[in-house]
Amino acid sequence: TSGFATFANLGKRNNASGIGEIIDGSGKLVLQNSPEQRQVINPQATYELIDIMTDNDARSYIFGKNNPLTLPDRKVAAKTGTTQNWRDGFTVGYTPSLAVGVWTGNNDGTLMHAGADGVITAAPLWHAFMEAALQGTPAEDFPEPDGITRLAINPSTGKVVKGKAKSGKLEVFAS
C-alpha cells in the first residue's frame, strides 16, 4: 500500500509510520511525526500509470462497467490480484489523498475456494472502506505534471491518428 501511495503522490515517497502524533493526558503534544518525502519515481511515468489504473473502460471487458473498482463521484486508481490456486486476493487503490490496500485469504495459508479472485473477495471491502472514508470530502483530480501529452490513438491499430480528424482514444504520454 505504501508503494501505491507513492504513485498517488506522483512518485514522491513518504516514510510510512503507524503513529501520526502522541498527545499526553493533559493535552500536551509529546511527538509529531513529519513524514520525509522524496521523489523516487519520475512524475510523468507515474502519471502515465495513474491514467492506466483509472481507466475503467479498459478493465470493464473483464470486470464489467459497474465494478467495485470505481466510485460514483470521483476518479480512483485501482488494481486487483489473485495468487495461484486462489490462496490470496488483494485490491489496492488510491485517490490523490488516500491509498488503501485490502488482502483476503486464510491466515493458516489454506486455499480459498476456486474462483475467489481479488475482485470478488477484496474489491468489495476496498470499495466499502473507500466510500466511507471519503464520504463528505470533495472529489480530487490527480495533478498533471509538466511534459504530459495526449495523443489520439486508433484502437484497432494502436497507432497515432494523423491529420485533422482526431478520432480515436486519447492516451497519455510523457515527454
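Me: How many aromatic pairs does a search of the whole structure find?

Reply: The search of the whole structure finds 3 aromatic pairs, where rings of Phe, Tyr and Trp (its six-membered ring) pair if their centres lie within 6.5 Å, and planes under 30 degrees apart count as stacked, over 60 as edge-to-face and the rest as tilted. This is a predicted model, in which local features need pLDDT of at least 70 and side-chain atom pairs count only at pLDDT 80 or more, while totals for chains, interfaces and linings use all residues. Residues are numbered from 1 along each chain as its sequence is written, and side-chain values use heavy atoms, with hydrogens and water left out.

Me: Why is the pair of F4 and F7 called edge-to-face?

Reply: The ring centres of F4 and F7 are 5.5 Å apart and the planes stand at 80°, so this pair is edge-to-face. Both residues belong to helix α1 (residues 2–8), where they are 3 residues apart, about one turn of the helix; helices (H or I, at least four residues) and strands (E, at least two) are DSSP runs, numbered from the N terminus. F4 and F7 are both buried, a word that stands for under 20% relative accessible area, with exposed meaning over 50% and partly exposed in between (1.4 Å probe, protein chains only).

Me: What makes Y94 and F142 an edge-to-face pair, and which parts does this pair tie together?

Reply: The rings of Y94 and F142 have centres 5.9 Å apart and planes at 90°, so this pair too is edge-to-face. Y94 lies in strand β6 (residues 88–94), whereas F142 lies in the loop between α5 (123–134) and β8 (148–153), so the pair ties together parts 48 residues apart in sequence. F4, F7, Y94 and F142 form one aromatic cluster.

Me: How do you know whether Y94 and F142 are buried or exposed?

Reply: The relative accessible area of Y94 is 0%, so Y94 is buried, and F142, at 8% relative accessibility, counts as buried as well. Leaving out residues up to four places away in sequence, Y94 touches a list of residues that includes F4, F7, I50, M53, W126 and F142, where contact means heavy atoms within 4.5 Å.

Me: Which residues have the most contacts inside the largest nonpolar core?

Reply: They are F4, Y47, I50, M53, Y94 and F142, in a core of 13 residues; a nonpolar core is a set of buried Ala, Val, Leu, Ile, Met, Phe, Trp, Tyr and Cys residues joined through side-chain atoms within 4.5 Å. The elements α1, α2 and β6 each give two or more residues to this core. Apart from it lies another core, of 12 residues, among them V100, V102, A122 and A123. In soluble globular proteins, nonpolar side chains tend to be buried together.

Me: Why is V40 called partly exposed, and where is V40 found?

Reply: V40 has a relative accessible area of 41%, so V40 is partly exposed, and this residue is found in the loop between β4 (37–39) and α2 (43–53). Neighbours within four places in sequence aside, V40 is in contact with T6, G11 and R13.

Me: What makes the meeting of K169 and D55 a salt bridge?

Reply: The side chains of K169 and D55 meet at 2.4 Å, N to O, and a salt bridge is a side-chain nitrogen of Lys or Arg within 4 Å of a carboxyl oxygen of Asp or Glu, so the pair qualifies. K169 lies in strand β9 (residues 169–174) and D55 in the loop between α2 and α3 (56–63), so the bridge ties together parts 114 residues apart in sequence. K169, at 34% relative accessibility, counts as partly exposed, whereas D55, at 17%, counts as buried.

Me: Which residues do salt bridges with shared partners join into one network?

Reply: K169 also forms a salt bridge with E171, the closest N and O atoms being 3.9 Å apart. E171 has a relative accessible area of 26%, so E171 is partly exposed. Through salt bridges that share partners, D55, K169 and E171 are joined into one network, and the structure holds 5 salt bridges.
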